[in-house]
Amino acid sequence: MINWLKRFYFLVIGLFLALPLIVVAGVSVNAKQTLAFPPQGFSLGWYGEIFTNPEWRAALVASVVLATTSAALAVLIALPLSWFLWRRIAPWANIFQVLGIAPFTLPPVITALGLLTFWATTGFYGQPWTAIIGHAIFFVTLPLVTLSLGFSAIDRSFVEAAATMGANDRTIFRTIVLPLILPYLVSGYAFAFVLSLNEYIVAYMTVGFTLETLPIKIFNALRYGYTPTMASVTVLFVFTAAVIFSLVARFGDLPKLLGAMASDEP
């Protein structure tokens with residue numbers, strides 16, 4: 001009886017969490033230009049609208065470019081920082097870790113407001129590349145955390161043995177450290193990419209409507225009426241995130257990336 005109640009409870013919770021996505025998915029296949037649910041007819045034409053309509057296609061390209069470049073920049077910032085923290089070169093190194101985590105732990109509007117003030121003061125507000133830097137700063141926490149987990153899993157005896165054999169820091173990093181942390185590096189990039197793809201507040205407050213990403217495009221489209229294309233974009237976002245996170249779970253150590261350590265580790 002207790003097991004049956006547990007299963008029923010988790011089934012109800014699962015349906016409750018999935019209900020918004022079910023409704024959005026139903027709206028995205030409406031045959032008519034309406035957000036009615038249940039859908040009135042069936043059509044996949046609104047998904048094609050994302051790629052055939054010049055405005056939606058431009059927003060899609062802008063989102064992908066922004067997410068790709070900002071995630072890469074976040075990794076480039078996090079990699080030397082996590083390497084520095086792992087080696088503990090200085091007693092005050094943890095200060096950089098706090099600074100790296102702070103932007104993501106603050107409410108997004110606070111970080112976005114700080115970036116808005118900075119870019120407006122320097123005279124660069126509205127430049128598309130400011131959104132790339134803004135997203136990189138905001139999401140640097142993700143690769144920093146995954147790479148820190150990767151570095152913590154390295155057996156330091158490997159590094160000590162290589163140093164004893166005469167290898168310098170660059171050789172040790174290239175031949176020993178980098179291959180061991182590569183799954184964590186890719187995972188950190190994937191997390192930053194997915195969240196950057198869906199982020200709205202930082203992008204809007206750093207470039208306004210100069211760079212119209214998909215989230216900003218959806219907001220703009222709301223001013224002129226509702227269309228199932230917005231729902232199809234949402235489903236596309238969810239599908240992309242599910243595929244990327246599934247690949248991370250398949251080829252990476254997802255429990256460790258989430259902070260869980262196996263109890264049977266030596």
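Two rings of Phe, Tyr or Trp (its six-membered ring) form a pair if their centres lie within 6.5 Å. The model on screen is predicted, and this tour goes through it by selection.

Start with Trp83, Trp86, Phe151 and Phe173. Ring pairs link these four residues into a cluster. Searching the whole structure gives 14 aromatic pairs.

Next, select Phe191 and Phe245. Their rings form a tilted pair, with 5.4 Å from centre to centre and 50 degrees between the planes. Phe191 belongs to helix α9 (residues 169–198) and Phe245 to helix α12 (residues 228–251), so the pair ties together parts that are 54 residues apart in sequence. Colour the two by accessibility: Phe191 is buried, at 14% relative accessible area, because buried means under 20%. Phe245 is partly exposed, at 32%.

Now select Tyr204 and Phe219. This pair is tilted, because the planes stand at 50 degrees, and the ring centres are 6.4 Å apart. Tyr204 sits in helix α10 (residues 201–207) and Phe219 in helix α11 (residues 214–221), 15 residues apart. Tyr204 is partly exposed, with 30% relative accessible area; Phe219 is also partly exposed, with 37%.

Move to Trp56 and show Lys217 with it. Which face does Lys217 lie over? Lys217 lies over the face of Trp56, 5.4 Å from the ring centre.

Finish with Trp4, Leu5, Phe8, Leu11, Val12 and Leu15. Together they make a nonpolar surface patch with about 620 Å² of accessible area. Leu5 is partly exposed, at 43% relative accessibility.

Notes
Residues are numbered from 1 along each chain as its sequence is written. This is a predicted model: local features need pLDDT of at least 70, side-chain atom pairs count only at pLDDT 80 or more; totals for chains, interfaces and linings use all residues. Side-chain values use heavy atoms; hydrogens and water are left out. Patches are made of residues with over 30% relative accessible area and no salt bridge: like charges are joined within 9 Å, nonpolar side chains (Val, Leu, Ile, Met, Phe, Trp, Tyr) within 5 Å. Accessible areas come from the Shrake-Rupley method with a 1.4 Å probe; for residues, only the protein chains shown count as cover. A salt bridge is a side-chain nitrogen of Lys or Arg within 4 Å of a carboxyl oxygen of Asp or Glu. Buried means under 20% relative accessible area, exposed over 50%, partly exposed in between (1.4 Å probe, protein chains only). Rings of Phe, Tyr and Trp (its six-membered ring) pair if their centres lie within 6.5 Å; planes under 30 degrees apart count as stacked, over 60 as edge-to-face and the rest as tilted. Helices (H or I, at least four residues) and strands (E, at least two) are DSSP runs, numbered from the N terminus. A charge sits over a ring if NZ of Lys or CZ of Arg is within 6 Å of the ring centre and within 35 degrees of the ring normal.
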